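This report looks at backbone geometry, one site at a time. Please have the sequence and the model open.

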Amino acid sequence: MKMKKQTTKKAINKLSRRDYLKTSALGVGSIFMPTIVPASVLGKNAPSNKINIGQIGFGRIARGHDLPETMKYDIARVVAVSDPDSKRANLGKQFIENYYTEKKGKANYVDVKTYEDYREMLMDKDIDAVIISTPDHWHAQPAIEAALAGKDIYLQKPAALTIEEGRAMSNIVHKTGRIFQIGSQQRSTNPWPQFKHVCELVRNGRIGEIKTVKVGLGTDPAGEKWAEMPVPENLNYDMWLGSTPEVYYTENGVHPQNDFSRPGWLRIEQFGAGMITGWGAHHIDTAHWGLGTEYTGPIEVEGKADFPTSGLWNVHGDFSVTAKYENGVTMEISSAFTNGVRFEGTEGWLFVSRGDVSVTSSDPTSGNGNPALQASDPKILTSKIEENEIHLYHSEEQHGNWLDCIQTRNQPVAPVEVAHRSCSACLVAHIGMKLQRKLHWDPINERFKNDDEANAMLSRPQRYPWGFKHIDKLSYSEFDLK
């Protein structure tokens with residue numbers, strides 16, 4: 001590739017970042033305000049010594065991924081766990097203490113505190129940071145409250161349940177100067193180095209000008225209408241429902257009481273959007289990373305989907321979405337494609353997936369025996385990225401990168417605005433799937449153009465006293481919320 005073409009690509013990438021800073025509700029001054037160092041920096045629990053961490057939510061992802069991947073680093077010390085299900089909170093305490101004893105050889109290393117209400121945990125000044133591994137409808141609010149409490153945050157994807165609360169979360173994290181990492185593990189080289197490699201090849205023009213990106217996602221099955229059940233004594237069900245409407249309890253609508261298998265809430269629209277955000281938050285983020293569109297979104301979407309007409313599990317089934325970006329790229333997202341991301345350019349194509357490596361034992365894999373990395377010409381895959389070309393942020397592992405950044409106060413590989421933009425692209429696609437007509441999206445003002453029905457779907461009513469709108473400390477004018 002000629003040097004002149006490289007320079008042009010770099011200019012485009014810088015422009016997209018600069019335009020975001022100019023046009024965002026945050027403004028340049030807010031993004032680059034001095035970072036706030038934790039109060040514990042000068043104390044015995046300083047990040048240079050240990051980072052004290054509270055775990056919010058102890059379920060499948062916390063147990064199988066977030067906690068093991070964090071506790072393996074000596075700088076981290078998990079000291080508390082909260083869950084509205086007291087059985088899970090107690091199991092979390094046992095899990096953490098046993099991990100330190102068995103894996104680290106540190107008997108009685110920590111007496112883990114348990115909480116039903118994570119807000120009590122956030123009042124503990126000795127806690128520096130939190131990991132949020134909760135259902136999707138409980139992502140943005142605890143992240144916002146943690147930022148207001150001066151804690152750094154690791155949040156499982158997707159970033160938010162709605163675009164409105166995602167924007168609020170991003171603004172508040174920036175205003176408070178907290179270190180925020182979203183669980184977009186495909187940005188780190190462990191365990192999937194192929195995603196960064198493909199994105200660098202795309203950014204440096206190895207397959208020419210990108211015309212189309214095809215994103216393949218799975219679907220979840222519909223489910224019958226299970227009967228109402230008594231709420232377990234160990235579960236604060238009202239808190240678990242949070243800002244969403246009151247509905248009767250059935251175990252297949254919440255999480256299993258006797259194991260950590262895939263929970264039913266993942267398949268219910270009240271608590272999430274289905275696989276369009278579940279896996280879409282990963283693959284659309286990868287597409288954005290390769291395209292350099294991490295601080296914007298589509299300008300036009302049109303979609304269709306099958307939605308169950310009865311039963312408890314009602315997230316989308318088979319679907320397809322076409323999203324157009326201002327740079328001329330068309331992104332096609334469909335359950336008909338192989339799970340992964342395929343970049344198609346004027347000089348070839350590149351396909352990347354996770355292969356047969358999953359995050360947890362209950363996650364589906366996407367390889368089906370096919371290579372995780374493919375190209376129209378195998379020589380593209382061995383092309384060296386030269387020193388004067390574009391090199392993307394290098395992160396060895398997502399949790400380790402977050403811990404490093406807590407110490408240095410540098411931004412991590414997947415910061416909050418990137419998290420919000422990946423999630424909002426998924427949610428815009430979901431709205432297109434629901435309305436099944438062409439929609440025009442303004443990624444700067446984050447509104448649909450001349451479409452009140454679509455704009456009404458950017459937020460949801462929040463059941464008092466839950467939801468970020470009911471946080472006592474929150475001032476709309478102070479945080480420039482739209």
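## Arg 409: positive phi

Arg 409 is found in the loop between helix H13 (398–408) and helix H14 (416–435). The model is predicted. Arg 409 is not a glycine, yet its phi is positive, at about 65 degrees.

Is Arg 409 buried or exposed? Its relative accessibility is 10%, so Arg 409 counts as buried. The cut-off for buried is under 20%.

## Asn 450: positive phi

Another loop runs between strand E15 (447–448) and helix H15 (452–455), and Asn 450 lies in it. Asn 450 also is not a glycine, and has a positive phi of about 55 degrees.

Asn 450 has 85% relative accessibility, so this residue counts as exposed. The cut-off for exposed is over 50%.

## Cis peptide bonds

Now the peptide bonds. Which form does the bond from Lys 157 to Pro 158 take? That bond is cis, with omega near -5 degrees. Pro 158 sits in the loop between strand E5 (152–155) and helix H7 (163–176).

Asn 190 and Pro 191 are also joined by a cis peptide bond. Here omega is about 15 degrees. Where is Pro 191? Pro 191 lies in the loop between strand E6 (180–182) and helix H8 (193–203).

Most residues other than glycine have a negative phi, and most peptide bonds are trans. Arg 409 has a positive phi, and Asn 450 has one as well. The bond from Lys 157 to Pro 158 is cis, as is the bond that joins Asn 190 and Pro 191.

Note on methods
Residues are numbered from 1 along each chain as its sequence is written. This is a predicted model: local features need pLDDT of at least 70, side-chain atom pairs count only at pLDDT 80 or more; totals for chains, interfaces and linings use all residues. Side-chain values use heavy atoms; hydrogens and water are left out. Helices (H or I, at least four residues) and strands (E, at least two) are DSSP runs, numbered from the N terminus. Buried means under 20% relative accessible area, exposed over 50%, partly exposed in between (1.4 Å probe, protein chains only).
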